[in-house]
Amino acid sequence: MSEKNENPSCFLYGPQEAKYGDRPVPEICDPHDVIIRIQYVGVCGSDVHWYLHGSMGANSIVPGKPLVLGHEASGTVHSIGSSVRSLTPGDRVAMEPGFPCRHCARCKEGRYNLCASMTFAASPPDAHGTLCKFFKLPEDYCYKLPAGVSLEEGVLVEPASVAVHMARLVDVRVGQTVVVFGSGTVGLLCGGVARAFGASKVVMVDILERKLEVAKSFVGGCGTFVPDSGASAEKNATRLIAEHGLDDGADVVMEASGAAPSVQTGIHVLRVGGSYVQGGLGRNVIDFPIVAMSEKELTLKGCFRYSSGDFKLALSLISEGKLRVRELITKTVEFGQAVEAWETTRKGEGIKTLIRGVQD
C-alpha cells in the first residue's frame, strides 16, 4: 500500500490496552487545512492517566471506538490547502492541538479555550490525537519553528503555553514574588515563565528533592522548598515565608501539582490581596481554606489549557532562550514504544519523555 493510504497510529482500547493499527490519511477538506507529518510526540501526565484508567474526568473511551492519544507534538508540513499562505510543505511546526468553532460567544470574546465545541486532540469519541503518522490542523494552529528551535523543542511549546496562560491569568509582573507548587514539566515552565516575565523571586515547591534539583538549574536563581508532610498547611506556609524572606507573603501562587495540601498551603502563603491560579489537576473535591481566601481578599483563577496569544508567546520565549526547554527532555523512544514511554512517565523517571514519529 502506498504512503498516502497509510496512517500508522497507536490506539488505546481501554485501561492498559494499547494496540497499533492503521487508519486513513486525513484529507484536506477546508482550503486552510494543513496535513502534518508527526515527528515527535511528548508524554503528558494526562496521557498516563488515560493509559491507566481509560478515562479522564467525565470522559471515557467508548467501547468499540479506540482512541489515539497524544496532544503535545511537532512535525513537518506534508501538504496544504489551496488558501494556505503562511506555510509550505517541508516547514517545521509546533502544533496547537485543539481548535474551536470560532463563532460562539466565548470564541468571540477571545477565550476560545472555553469553546463548548472545541475539537481537541485525544478527546473521545472521535477526536484522535497525534500519536500517528499524519495529523490535520487549520493553518492558524500551526506555528512555524524558527531556525534555532528544534523539532524536539517544538513539542514543549504546548506545555509552555499552559504556563504562559497561567502567568497571564494572574498578571505576573516585574518585581513580584512568585511561589510555584509542583516541579513537574508545567511547574518548571511556570517558574521559568515567571522569571521571564520579570518576577524578582521565584520559589519552587515539591516533595521530591530530585525535582527541585532540576528546578535550581532550569529556573535560574530560584529558591526551593520541601513541605513537611506531617505539618499543617498553615505551618508549612509560615515556614516557607520565613525561609525565603517573603515578608507578609507571596504576590502570586501558581499551583501546578493538584495536590490538596499544596492548594491549601498556597492560599496561606499569599499576602493579602494576592493572586492564585490553579493549573494542577487532582481530586475533584478537596477541603479548601475559604475563610483565609475571603479575609485576604484573594484573586483566584482556574486555568484550562491556553488561549489567544499564548502559543505565540511561548514559542517566542523558547526562541529567545528565556525558556531552555531542551533541558527538560530526558528520554526519546521509538514510535512502537509508546507504552514504555507512558510507563517511564508513570514511574516519575526524568521530566519529559518524547516518542519519535513513524520512521520509514
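Reader: In which sense do strand β3 (residues 33-42) and β20 pair, and over how many bridges?

Author: This is a predicted model, where local features need pLDDT of at least 70, side-chain atom pairs count only at pLDDT 80 or more, and totals for chains, interfaces and linings use all residues. Residues are numbered from 1 along each chain as its sequence is written, and side-chain values use heavy atoms, without hydrogens and water. Strands (E, at least two residues) and helices (H or I, at least four) are DSSP runs numbered from the N terminus, and two strands pair if DSSP finds at least two bridges between them. For β3 and β20 the sense is antiparallel, over 3 bridges.

Reader: Why is strand β20 (residues 352-356) largely enclosed?

Author: Buried means under 20% relative accessible area (exposed is over 50%, partly exposed in between; 1.4 Å probe, protein chains only). The rest of the structure largely encloses β20 because its buried residues number 4 of the 5.

Reader: What is the handedness of the crossover from β19 to β20?

Author: Strand β19 (residues 329-333) and β20 pair in the parallel sense over 4 bridges. Between them the chain passes through helix α11 (residues 338-346). With the strands pointing away from the viewer, a clockwise path from the first strand over the helix to the second counts as right-handed. This β-α-β crossover is right-handed.
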